[in-house]
Amino acid sequence: MVASQLAAVLSKLQTLYSDHASVVSMNLFVALLCASIVIGHLLEENRWMNESITALAIGLCTGVVILLTSGGKSSRLLVFSEDLFFIYLLPPIIFNAGFSVKKKQFFRNFITIMLFGAVGTLISWSIISFGVIKFFKEMDIGSLEIGDFLAIGAIFAATDSVCTLQVLNQDETPLLYSLVFGEGVVNDATSVVLFNAIQSFDLTNTNHRIALEFIGSFLYLFLASTLLGVAVGLVSAYIIKTLYFGRHSTDREFALMMLMAYLSYIMAELFYLSGILTVFFCGIVMSHYTWHNVTESSRITSKHAFATLSFVCETFIFLHVGMDALDIETWKFVNDRPGTSIIVSSVLLALVMAGRAAFVFPLSFLSNLAHKSANEKISFRQQIIIWWAGLMRGAVSMALAYNQFTRAGHTQLRWNAIMITSTITVVLFSSVVFGLMTKPLIRFLLPHSKVTSAPSGSSSPKSITVPFLGSTQDSFEDSPKGVQQPSSIRALLTTPTHTVHYYWRKFDNAFMRPVFGGRGFVPFVPGSPAERSEHKLPQLQ
């Protein structure tokens, strides 16, 4: 009896200690988030540093301190979880990217963006996959199967353009910014869709039928995810336009926007689609319709809230990656063969660079053939920056690697540990080394470019500049000057994006806006000047 009571007391004390340790960890992590924001602000004008590298460096330094104080047992405050990343941290970042994107630039360069983001990612994935199959089999690093090799290709095909986007100014270099930004989002979505398709197929015995099913599954995921995001965005616009939430509470309409945006991501995960693509296009549709249907106070609240939430999530991710890079549990499996991990990391870096070059320059050449205007062509210097922007690997690669090679954030197999440590090495090297050289490279290649700064006093979401994904937005209806109504098939073929834009505006004005609202729609708010004037009119009559 006494023994059982003693065991119960000890169990309760252990639970209390565990709860207290979690509270301490969260306190330290929030303090580090604050420190990253302050230090990032102080280093804003630094030639080499940017906020992403600052957060990564603080995470690394914190990991070293924890490693020393724990006697070499751990470097973590929190255990890295792909669920934490994909379910809670990534959706706000991707949604804000779509919500604040310059839609006119994005869709004007849509074909080139899809070439780089989708076709280019497939080319890069193919080169990396075939490269690791050839080199890793010769190195004999472990019992990796064909599915593992293809998954490695998808993991390292996922880019991280944060460092480059921080430096580029979208007003001075709109073409370059829209290409780097758009490709980055589509690339992440394509990589995740590829990764999920690989995991859902048995690739041990491949044939033509399985290959066709794989391609069909990829296209289905891509299209279905996009359509779901558009559908949820339109539903949110219709509900807010029809029910006028602002008549009672502006908090409700903003809450509904936020929850429906997250609902689009969760629904995509529920139906085994790509949440990244879904929430991105949901953000675009919401910014075009829903945002204009809410009251002015909700517009200001939403644009600042979405941008702030995205910024905090990105800082959280870089801090987490920095601390997790020193995970002693993973590194202890390769401490007797450090050379193997270095060679694997070097091979992966070389394949990443080769895979990137294999599509950036050829696809840029093809894109330039389709454009006659010099302003729409991608110069060789811009091609170098686009190539450089895609060399960095980040949290998406880390999350996919943990998903493939760990179970609940832990690994007990040597070859899995080698792949985790190699991924960490590639992410750190590419983010720090390539990231540090980004500002000087862009200033050398584009001497007139400036660091993005946030304007103020605007009445549209374009007044927000996100520190990491420094994207802004404009509207579909801003038409390119000098573009007249196309009068022939020849006009359609010579200026396809402008022509499609013209017909989209006609369709949007005639059918979409009367139902879903958008720019020009004025929400009814009791007590507003518009309402008071309406009440006075009958009295005057």
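**Exercise 1. A buried pair of charges**

Decide whether R356 and E183 are buried or exposed, and find what joins them.

*Solution.* Start with burial. Both R356 and E183 are buried. Keep in mind that this is a predicted model. Next, look at the side chains. R356 forms a salt bridge with E183, and the closest N and O atoms are 2.5 Å apart. Now place the partners. R356 is in helix α14 and E183 is in helix α8. They stand 173 residues apart, so the pair links distant parts of the chain.**Exercise 2. Two bridges within helices**

Find how many residues separate K134 and E138, and which helix holds them.

*Solution.* K134 and E138 are four residues apart in helix α5 (residues 110–139), which means they are separated by about one helical turn. Their side chains meet in a salt bridge, at 3.8 Å from N to O. Check the surroundings of E138. Its relative accessible area is 59%. The cut-off for exposed is over 50%, so E138 is exposed.

Now take R299 and E296. Both lie in helix α12, three residues apart, about one turn of the helix. R299 forms a salt bridge with E296, with the closest N and O atoms 3.6 Å apart. Compare the burial classes. R299 has 14% relative accessibility, so it counts as buried. E296 has 40%, so it counts as partly exposed. The count of salt bridges comes to four.

**Exercise 2. The nonpolar cores**

Name the residues that touch the most other members of the largest nonpolar core.

*Solution.* This core has 125 residues. F136, I152, F280 and L348 touch the most other members. Helix α8 (residues 174–200) gives the largest share, 15 residues. A second, separate core has six residues, including L234, Y289, M512 and F516.

Setting aside residues up to four places away in sequence, L348 touches V132, F136, I152, F156, M419, S422 and V426.

**Exercise 3. The length of α8**

Find the span that the 27 residues of α8 should have at 1.5 Å a residue, and check it against the end C-alpha atoms.

*Solution.* The expected span is 1.5 Å times one less than the number of residues. For the 27 residues of α8, this gives 39 Å. The end C-alpha atoms are 39 Å apart, so the two values agree. Then consider cover. Of the 27 residues in α8, 23 are buried, and the helix is mostly covered.

**Exercise 4. Exposed residues**

Decide whether L42 and Y272 are buried or exposed.

*Solution.* L42 lies in helix α1 (residues 2–42). At 64% relative accessibility, L42 counts as exposed. Look for its partners. V38, I39 and L42 form a nonpolar patch on the surface, with about 280 Å² of accessible area together.

Turn to Y272. This residue lies in the loop between α10 (250–270) and α11 (275–293). Its relative accessible area is 70%, so Y272 is exposed. Check the backbone too. Phi of Y272 is near 60°, a positive value in a residue other than glycine.

**Exercise 5. The whole chain**

State how many helices and strands the protein chain has, and what share of its residues is buried.

*Solution.* Count the elements. The protein chain has 21 helices and zero strands. Next, the burial. Of its 541 residues, 53% are buried. Then the surface. The chain exposes about 24800 Å², and carbon and sulfur atoms supply 67% of that area. Finish with the contacts. Take those between residues at least 6 apart in sequence: 82% of them join residues at least 24 apart.

How values were computed. Residues are numbered from 1 along each chain as its sequence is written. This is a predicted model: local features need pLDDT of at least 70, side-chain atom pairs count only at pLDDT 80 or more; totals for chains, interfaces and linings use all residues. Side-chain values use heavy atoms; hydrogens and water are left out. A nonpolar core is a set of buried Ala, Val, Leu, Ile, Met, Phe, Trp, Tyr and Cys residues joined through side-chain atoms within 4.5 Å. Buried means under 20% relative accessible area, exposed over 50%, partly exposed in between (1.4 Å probe, protein chains only). Contact means heavy atoms within 4.5 Å. Patches are made of residues with over 30% relative accessible area and no salt bridge: like charges are joined within 9 Å, nonpolar side chains (Val, Leu, Ile, Met, Phe, Trp, Tyr) within 5 Å. Accessible areas come from the Shrake-Rupley method with a 1.4 Å probe; for residues, only the protein chains shown count as cover.
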